[in-house]
Amino acid sequence: MLYGTIVSVLLNAGWGKGAYQVGILSFLVLMLIGLALLRGVPDRTSEAENEGGITPPPEHLMPAQDMPSEARF
Amino acid sequence: MATAAGAVDAKRGLRLIERLAGLTPSGRAGVPVAWALYDFANTIYSYAVVSLAMGLWVVDRLGPADGQFWFGIANAASVGLNALVSPVLGAMSDRGGRRMPYLLFFTGLTIAGTAAIGLLPEGASGFTVLGLILFTVANFSYQAALIYYDATLPVVSKPKTRGRVSGIGVAVGYLGTIVIALLILITDSGATSLTFLMAAVLFALFALPIFLFVREPAGTGYRFKVGDALASWRQLSTTVDDARQVPGLLRFLVARFFYTDPVNTVIVIMSVFATQAIGMTTAATNMLLLGLTVAAVLASFGWGVVVERIGPKRTLMWVLVSWCVGLIIAGAVLEFETFVIAGILLGSGLGGVWTSDRVFMLRLSPPDKIGEFFGLYGLAGKFSAVTGPCSTARSCPCC
């Protein structure tokens, strides 16, 4: 909206190619606002990300507490 | 010699299959390929019908002024209506835990609507209203299908390979644009029935693999009911409340509105900017845009790898920084050379935005709310898609 309005108004005011330059500047402003907002978003790992991760086996398949930890060979 | 070369090729092919298989939890190479081909298919529709043929089709029948006005209305109605119901559509798929039935339904509707426009009698202005209604239905369905398509990313990728799979999809999608652009050029079909029929057939053909190869985990057994769809409306406020509970999600969606607005608008105004501000010819502009699409294809693969290395948020921030640099270059000096440099940065960043932001959205969303939140994600993008380009028609001196 900002771009359309800016370029339309400035072209009618006789700015010529300068109208497009100011229009591009409006994109830059929006992009910088987006970037600034994005900076504050926490970059965390969601449950969805962990779905494919290592999950513990069911309790009846868990090794016994007193099982020796050495390799069996 | 030939046998040795063949063996090397076979080895390379096997390695590629292994790598593709490694991207997906099922271990089947066909799955990410089938998924990415859907991006190829829907981009064919998007380029052939939305960006090119439909606007010209309406202008041919109603004249430049009325034609552009009514096409703008139909486009805004389809995207705007979809933006409003996106969270509801997403929430409905969350109930059943499955996306594919909805993806199939809306894909079918898009293909049927597009084909039907192609079957309308040529040059008969009486069918223009019907054509516009069919386009509104097809475009609404196309946008709805995208919600479910994005939400299937966790099914076809592992958490660590999401960036690469998303990047492959975006890159293959841009290839779809190149293929259909060349086909339209070769057949010189413009806004004729042939373009709509080609788009419908190719969409159906390349969308088919996702329904054949991608298998979702069993759902909850929920079956769609009209009453539930109506009840989902009441859930809209709950969806926003739910989103508030997820740290950073609403902030991300607001940020998405701000950065997708310039992205959506630049796609629309780039050719006008090239001819009016830079002084390029239409033919040179088309060639340049094709070249920049190739840059976007190559960059999408690269951004996918970057997503996996440094994460989707940092990748997205780098992409936006590259866009800022591109915009400064494009706006500061109105020369062909600087425009090409800016175009490469913007074209490469275009692939980067779509590759990283859906992965970041997925990272922020709890698994049981993916459909619902992807609806909100669509809302932010589509609202900017409507508010961005719709007003730019006024700034185009040729309109």
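**Salt bridges and burial in a predicted model**

Tutor: Asp150(B) and Arg358(B) form a salt bridge, with their closest N and O atoms 2.9 Å apart. This is a predicted model, in which local features need pLDDT of at least 70 and side-chain atom pairs count only at pLDDT 80 or more, while totals for chains, interfaces and linings use all residues. Residues are numbered from 1 along each chain as its sequence is written, chains are lettered from A and ligands numbered from 1 in the order in which they are written, and side-chain values use heavy atoms, with hydrogens and water left out.

Student: Why is the pair Asp150(B) and Arg358(B) called a salt bridge?

Tutor: The term requires a side-chain nitrogen of Lys or Arg within 4 Å of a carboxyl oxygen of Asp or Glu. The closest N and O atoms of this pair are 2.9 Å apart, so the pair qualifies.

Student: What makes Asp150(B) and Arg358(B) a link between distant parts of the chain?

Tutor: Asp150(B) lies in helix α5 (residues 128-151) of chain B and Arg358(B) in helix α14 of chain B, 208 residues apart. Helices here are DSSP runs (H or I, at least four residues), numbered from the N terminus.

Student: How do you know whether Asp150(B) and Arg358(B) are buried or exposed?

Tutor: Buried means under 20% relative accessible area, exposed over 50%, and partly exposed in between (1.4 Å probe, protein chains only). Asp150(B) has 11% and Arg358(B) has 5%, so both count as buried.

Student: Which residues are linked with Asp150(B) in a network of salt bridges?

Tutor: The network links Asp39(B), Asp150(B) and Arg358(B).

Student: Why is the salt bridge of Arg363(B) and Asp43(A) said to cross between chains?

Tutor: The closest N and O atoms of Arg363(B) and Asp43(A) are 3.0 Å apart. Arg363(B) is in helix α14 (residues 336-364) of chain B, whereas Asp43(A) is in the loop between α2 (17-39) and α3 (47-50) of chain A. Arg363(B), at 15% relative accessible area, is buried, and Asp43(A), at 35%, is partly exposed.

Student: Why is Gly375(B) called buried?

Tutor: Its relative accessible area is 0%, so Gly375(B) falls under the 20% limit. Gly375(B) is in helix α15 (residues 370-390) of chain B.

Student: What does Gly375(B) touch?

Tutor: Leaving out residues up to four places away in sequence, Gly375(B) touches Ser86(B), Pro87(B) and Ile147(B), where contact means heavy atoms within 4.5 Å. Gly375(B) and Ile147(B) are 228 residues apart in sequence and 6.3 Å apart in space, C-alpha to C-alpha.

Key:
Helices (H or I, at least four residues) and strands (E, at least two) are DSSP runs, numbered from the N terminus.
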